[in-house]
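Please read it alongside the structure.

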Amino acid sequence: RDMKKLALALLAVVSLGATASNTYTKEQLNSMAASGSYPEQESPVTKSVESVSFERCKQDTYGVYNQIAGNYPAQEVVNTGILYTVKIWTNDGVIMVSCSEPDGKKLVTQSSYK
C-alpha cells in the first residue's frame with residue numbers, strides 16, 4: 001500500500017546525499033534507545049516541504065511512524081491540534097517529519113550522525 005512505499009521512500013531520503021557520517025545497525029540503535037543514549041547528530045537539513053492538509057499529513061506521518069516503530073527507534077515528539085512531529089532514527093541519520101496546521105505544511109528534515 002501507499003504507506004509502505006512512503007515509509008521506504010522516507011528511509012531512502014536519508015541515504016541521498018549522505019556523506020561519510022557514522023552509521024549504526026538497527027540493533028545498535030535499539031540498544032542506544034533502550035539506554036536513553038542516542039548518537040550525536042549534525043544540524044538538520046531540509047529534505048522536503050510539501051503543502052498538505054494537517055489531517056492528511058498527520059495521518060500519513062503516523063502511518064509511517066507506526067510501521068517503523070518496533071524496528072527502529074521512533075518517537076512522537078509533539079502531538080497537538082496544530083503540530084505533529086515524529087523523530088525516527090535510521091542507520092545513517094535521524095529523520096524528523098513535522099505537520100503544521102497553521103501553514104498547511106509537511107516538513108521533512110534529516111540529520112546525519114556525528
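Strand E3 (residues 83–90) and strand E4 pair in the antiparallel sense over 8 bridges. Two strands pair if DSSP finds at least two bridges between them. Within this pairing, Thr 85 has Ser 98 of E4 as its bridge partner. The model is predicted: local features need pLDDT of at least 70, side-chain atom pairs count only at pLDDT 80 or more, and totals for chains, interfaces and linings use all residues. Residues are numbered from 1 along each chain as its sequence is written, and side-chain values use heavy atoms, with hydrogens and water left out.

**Sheet**
- The open sheet has 5 strands in the order E1-E5-E4-E3-E2, with antiparallel pairing.
- Strand E1 (45–51) and strand E2 (74–79) are the edge strands, and each pairs on one side only.
- Helices (H or I, at least four residues) and strands (E, at least two) are DSSP runs, numbered from the N terminus.
- Neighbouring strands are turned by 15 degrees against each other on average, direction ignored.
- Axes are lines fitted to C-alpha atoms, for helices over the stretch in contact, and angles run from 0 to 180 degrees between N-to-C directions.

**Helix on the sheet**
- H3 lies across E2, E3, E4 and strand E5 (105–112).
- The helix H3 runs at about 25 degrees to E3.
- Contact means heavy atoms within 4.5 Å.

**Disulfide**
- A search of the whole structure finds 1 disulfide (a pair of cysteine sulfur atoms within 2.5 Å).
- This disulfide joins Cys 57 to Cys 99, with S to S at 2.0 Å.
- The pair links distant parts of the chain, 42 residues apart: Cys 57 sits in helix H3 (residues 54–68) and Cys 99 in strand E4 (residues 93–100).
- The torsion about the S-S bond of Cys 57 and Cys 99 is about -80 degrees, so the disulfide is left-handed.
- Cys 57 and Cys 99 are both buried (under 20% relative accessible area; exposed is over 50%, partly exposed in between; 1.4 Å probe, protein chains only).
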